[in-house]
Each structure stands twice: as structure tokens, then as C-alpha cells.
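Okay, thanks for coming, everyone. Let me put the structure up, and then we'll talk about the interface and some rings.

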Amino acid sequence: MSNLNYGDEKISQREIFLAVPSMLIAIGILVFPRNLAENTIAADGWISILMSGFIAIMFTWLVAKIASNFPNQPFLKYASFLVTKPVAMLFTFLFVVQGTLLTAFEVRAIADVSHTYLFERTPVQVINFSYLLVVIYAVSGSRAAIFRLNALFLPIVLVTTTILLLFSIRFMEFNNVMPMFKTDIKDLGKGVFEGTLSFTGISILFFYISLVKNPIKVPKKAVLGMATVVLFYLIIFLTCIAVFGNVQTANIRFPFIELAKSVEIPGGFFERLESIFFVIWTMAIFTTTVMAFDIALFALTSIFSKVKKQTFVFILAPVVYFLTTIPNNSYEIGVMDKIVTYFSLGLSSTVLIVLWMMYIFKGGKQGGK
Amino acid sequence: MVRSSLFKRLKRIDLFKQNSQNQQQDDQQKSSAKFTKEITTNLDQNLASIKQMLGDPGDLVVREFLVGSLDSRAAIVYISGLVDEDLISNNILKTIQSNLKDFDENVLDKIYKEVISITDIRKVQSLDDVSLAILNGSTAFYLENFDTVLVMGTNGGETRSIQQPESETLIRGPRDGFVESIETNAALIRRDIKDPNLRLKSHVVGKRSKQKLVLCYIDGIVNPELVKEVNRRLETIDIDYVSDSSYVEQWIEDSFLSPFPQLMETERPDKVSLNLVRGKVAILVDGTPFAIIAPITLGDALHSPEDYNQRWITASLLRLLRYLSAFFALFLPSLYIALVAYHPGMLPSTLTYSIAATREGVPFPAAIEALIMAITFEILHEAGIRLPKVIGQTIGIVGGLVIGEAAVSAGIVSPIMVIVTALTAIASFSVPSYSFALTLRTLRFAFMIAASFLGLFGIILVYIMINIHIVNLKSLGIPYSTPFSPTFSQDWKDLVIRAPFSFVTRRPKFMKTKDEKAKDIKPE
């Protein structure tokens, strides 16, 4: 409905700002402190986070900038202009693959975590299936509604996390953070790579910026969103190290959730807070899953513009479900994680570099407006 | 297909012809006058026509009398019960008979202009208008040799007087509530808002009932797009009879599949006025004390007019309490199921033991136990509403047995389940909007079923689903989740808390009102 200008075709710049953390805060951060602690000594990982954060922010700015140079043009259109149609088609198709893989990974991973923290006996397939149904329900609605969902869930997630962090101050030990600056450059580099991998979901901006009516401030907003994420990662990593120490962090499967386990709310009614925390964290993972799926749909509908979105939902959903059944244990889920993130990183950086090169080569602006 | 429908139509025309022929024959037997849709100069024929149009009902009063010195015949026609008979005898009959002495060709004009002392008077020249007016409680005045009828507004008859609204009671605030008469209701709003820009736009709903419907808004505040859209939707209503404004609500709402009410009903004029000045619109329907307010958002369901009638600190706390009780009403039984059946480890161990001990004799799993209690409570609730007040006590006593000590000692439910059920019930009663409370009651069962299959994970999945539904849902084009999302942080001053009046200087931004400032802010 067009009245009151709440059309469902367009989103605001603020919603881009919210979409970035909603996309990037997901399963990754649950295991991120472990991966980073494995490579670094004490709390030295913060250097890696800051460096990878800087790379990620640059990356975000470049993605947002090139997309907002072509306001209101879908990815396929401006990519076709820059790198010819067949290549743009190929990129778009690869984004479909990325979206599908990422969705499948998130769905599978959430089943894995809930198996650890909520119930042992319920079959993974049931959890996958019910979760996927809700995801399908979300992507079948309007696209702007997904952004509204982000705005509803992100504050809940952030507030819960803040509360958790505040309560864990009591358990921090300064000795855990020391000694500083002991990690050698090579290991820090590994950490930087690890961090960069966590920030690859940013490629959603290639697509979503075309929905913003007047994307002048979008690069700034996206960078702001990315900075929030980096700060978030940094605080969580430092808290995990300060509470558990480096060695323990490197050996706990989900350090971030385990943080909730060690915390007690004074005079609290609930025990085993980690279950409640994980349940709330489900919302953060959910927004990521939905956006990943939605990007796949967005890319598909831009290739086949005559087919309805719902049709692709019904085509992709079984594929996603099939993909979720492939990994059998947490090790294989880890492998899946690697495949997805390396693929995303490779794809997004290739696309970004190629697009920018062509943009500069073509002299930029003439086709932009 | 086409042929058969054509055939039917032909047949119907035939039947109609026969009917009218029969009727005409009957009438010819009764009187010599013929039925016409025109108003003629012949009084007898006019009277016969109106009688026939209305089917000569028993409550149609036709009073014939002589006017003036020339003994010209005249008649007044009305339906007893719809009119104020004192008004007719004093202000029409008496004045005409005593004041009208001479008689010329302008006599009707003279009556129209000078004689009759009723404010609402019209000249009418078609039978349809006359009959509609009579059915609305007006009185028609016929005069021999004139083909114009005077229609006078003499609405009256028995109506309910203004009383305190029963469905929304306040401790502090105006005590008047809407009644069944739309004129009174409109007047109640006018009394609150003495703004010349208050618009009351009339529509007619009901193909048969021809009820008056009034759309209220304040021009200059409301977004014109909104009014246009509401008018457009109101014009699509195609229904025989509207017994309550709910018919209108269900006809113009955005999604009939949603469990959420997308328009708000109220019996309180002050609530309507409050929303009008915020750029919303209200719809009044003749024959019902419930007005509709539109559009609404999620927060509106948990707001009460009382919030503004108490000081802001207490009002804010009460509002927080209402959000909390909405949470209880929605989640409590499902949390019980999830915690007892799936995650007993999450409760403190002492509590887990005591729950386990009390549940020892209970034969059912927690999910069944909770469902039994919830359904019992719903039955009790429904019975309590349908019962006449005189035997209402019975429900209290019997209900106490089913949800109480007796059920526990019979070993059907555990005492903690009784507490959960009772707390849920109290919590759902503290939601100000009845239709929203119904929504919560419905969704509670969805949560319980999800919790019995997937525990806490099921609850969060249903919660996410409801959120997805809410962000997709719209009320007259405004997202239901506004102003939470799309975020209008300025409007949060009057959302979960109720900030002091001096802080709320603007009308709700999400309404996109024409006149944003609610107050004149002096430049510093």
C-alpha cells in the first residue's frame, strides 16, 4: 500500500546501519574467541581484531560506496554495466550459492548448539526442520519487514549481551589478560585472517543498498554498523579471555555461551543461564539466516525477474534442508563453516576488486546516474 | 452458466411483475388511488403510495386534518416509537391548526418558513426520500394540491441515557460513555474537541439497514492520505446490516488472517478525542456504543486512557506492569511446560525438587496438565461472560472447585499448575484492550503446543514467528510494529513509559501528521 509512504519496496539508511550488525552477529561470534585464542597469547588477540576490523571497515566502505554510486539499481544492473552481463550473471549466481550455503550452515549450526545447551535427545533433523520453517515464513513476507525484524531483534540481543558482560565483570581476573604483546607477527596475522573471515557477511550490501531511496549517507551508516560489530567482537573476546584465561578459552567449544554459564544473577531465580542466553541469541542467528536466504532469493529473482519470489522459496528450501543433513558431527560442521566463510570471502573480495577496477577503468560516474 | 443465470433473471422479473400486479389489484380494491413513485397533488394517492411503499405497517401513523379557513386537507405521517410525539403535537399539529388562517398558493412556503417551529425541516419531492426520512424518525407533512412534502426531524423515542462505559472502567477520568445513538456520540466528541476543523463525514452502511456511519478526524492534523484510504475502504462495504462497529472493522482491516486486532474499539469519548488530536481517525456507527479508532500499533493495545490521568511516574510504572502482565499472559504456561518437561535443570534445585514432589501423584505429563487447566479456564471465562449476572455466583463457586484445591487433592493437577493458571488469568485481565487480550489468549495456546514439542527452543521459534507476523502486518498502511520498528525514537516517550506532558511536544511522528507540533514551543 502506498499511503503514508510506508511502501514495502524501500528501506531507510538507518535500516542499513542496523542490518550490518544483524547480519554479522550470529553463530560465528560464539566460536570466534576460541579460534582467535588458539593463535594468540593471552589477550593479544585484540590487536588482530582491531587490524581485521580496520580491513573489514575499509571493505564495508568500498562495498557500500560502489553500490551507492548506482542508486536504486539492483546489483545485476550495475554489475552488468561494469563487467558485462555474463560476468554479472555469474557473480549473481555465485551469490545465490553463497546465500544458500550460509543459510544451510546457520540452520545446521543452531541445531548443533541447541543440542549442546537445550536438549540432547531431540533429533537434529526436527530442530533443523522447524527452524527452517520459521525462516521460510520470514522470507516469504515482504523484504522491508525483514529489516523491521532486525530493528526489533538487534536491541534485544545487544541489551542481553550487555547484561551478560556486566555480570561477568565479577569473574574477571587481570592476570588472565597479561602478559601483553607476546604474540609474534605471524600468529597475529593468522588472527587477522581469522577475524576477517568473521566479517565476510557484508556482501549483503551489494544487494540491499539498491533498496535505499537516497543512499548518500549509506557508506557512512554501513561503516558505523561495521564499527559496532568490531567493537562488539573486541569486547566479547576480551571478556572471554579475562574470565577464562587464554588456554581455557582456546579449549571451550562455545566460549561466549560458556560465559553465561559461569555467571550467576545475584539472588537469581534461574540457574543455567546459558540456556536462556542461547535462546535469546537464537534471534541474532535468525536475522542472519533470514538475510542470507533472502539474498539468495534476491539474486535469483534478479536473474529470473518473471518468477515470483515464493516459487524460489519452495525451490531453495529443500536444497537448504538437504545441505543441512550433510554434516554429521561438530567437526564436519566446522568444515562446513570453513567452506562457507572461505567461499564468501573469496567471492566478495573478487567481486569487489573486479567491480572497483572496472569502475575506475570506465571513468566512473557516466553510467552511474 | 450464462444461459441459466439469464433464465433465472428472467424468471425473477416475471415473479416481480406478478407480485406487483397482484398488489396493484389489491390496492385498487381498497382505494381508487394508484401506486406511483412520484408525489402527486392528490393527497389520497400520496398517502396510499407511502402506505404501500412501507407495506402499510401497524406502527405507521397517518393523521389527517383540516387546515385553515378553506378546509384544505392535510396529513402528517410518521412511525410511532421513532418519533418524539410531544414534539409533533405541540410544534406541528397545534401550530399549524392555530396559526394558519388564510390560504393561498404560497401556503406551503408559509408553513415552511413561518409556522412550523422545528429546526430541521426540508422540502422533499420524491417518495424514496420521504420513506427513508420516515424510517429515520422524521415526520412527513402532506398538503392537498401540493406535490411537495415537508419532512421534519422529529427523532425521538426511547434510547439509553449516557452511562459509565462498562467495558473500560477507569478510576480517574471522565465517566461518560457512548450510547447507541450516533447523534449523541458525535455530540460527545464535539463537546471534547471544540475545534472548527473537527470533521464528521457521513457514510451510509447496510444495504437494508441504511445505518449512518460517521468518520471523525481533525482536518489540519490528520494525514489526508489516511482519510482518503479510510474513505475508500468504507465505500467498499457491502453488507445487509451492521449490528456493531465490529462489522465495519472486519471489513476494512488489512489482514483477516491475523490474530491481532488492527483497529481499536472503545466506548470512551475521551479516548476517541485523545486519538483524534494525535492524527488518527475514528469511526462511529449508528446503533452501537463502540467507536473504532484507526490506525493502531502494537503499543496502543497496552495503553489505557488512565495513563494520562495519573502522574507520569506512577503511570509509567503501571504501564510497565501491563507490559509485564502481557508477557505473563502469553508465556507463563508455556514456560512451565518447557521448564518442567525439558529443562528442569534451569530452575533452582530446591524448586525443582518441590515441583517434582507435588507432581508425583499427577498422572499426566506437564504439557497435558497445562492444556487441561488452560482449557478449563477458558471454558470458565466464556461461561462467566454468557451467564446472566444472577447466577454468576455459581460460576465463582464451581470455578473455584475446578481450578483450585479440589482439583489438586483429586490428584489431577499439581498446586504449582494452579498458581500458574491463576496468575496467567489475572495477567490477561489486566490488558486494557479486550480484543487484544483475546489475541493473547489464542497465542498462548500456540506457545504451549510449541513448548510441549521443542521446549524453550519451540517458544523462541513461535516468538520469532509472531514477530515476523507483526512486522509484516499493517493497520491501514502503518506497520503494526511502529514505532519500535520502523524506529521512531521520538515517539518512544509515550510508548513503554509515559513521559511528562511537557516533554511530549510533538504528535506521534509515525502518523505523519500535517501539524507536527502538539504545543507551541517558545524559541529560546
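This is a predicted model: local features need pLDDT of at least 70, side-chain atom pairs count only at pLDDT 80 or more; totals for chains, interfaces and linings use all residues.

So, between chain B and chain A we get 5 residue pairs in polar contact, both at pLDDT 80 or more; that's N or O atoms within 3.5 Å, where within protein one must be able to donate a hydrogen and the other to accept it, and sequence neighbours count only if both atoms are side-chain atoms. On the chain B side touching chain A, the elements giving two or more residues are α7 (224-235), α11 (312-342), α12 (349-358), α17 (434-472) and β12 (478-479). Helices are DSSP runs of H or I, at least four residues, and strands are E, at least two, numbered from the N terminus. The largest share of that side is α17(B), with 13 residues.

Residues count from 1 along each chain as written, chains are lettered from A and ligands numbered from 1 in written order, and side-chain values use heavy atoms, without hydrogens or water.

Contact, meaning heavy atoms within 4.5 Å, takes in 43 residues from chain B and 39 from chain A.

Now, charges over rings: NZ of Lys or CZ of Arg within 6 Å of the ring centre and within 35 degrees of the normal. K123(B) sits over Y112(B), 4.7 Å from the ring centre, and R498(B) sits over F501(B) at 4.3 Å.
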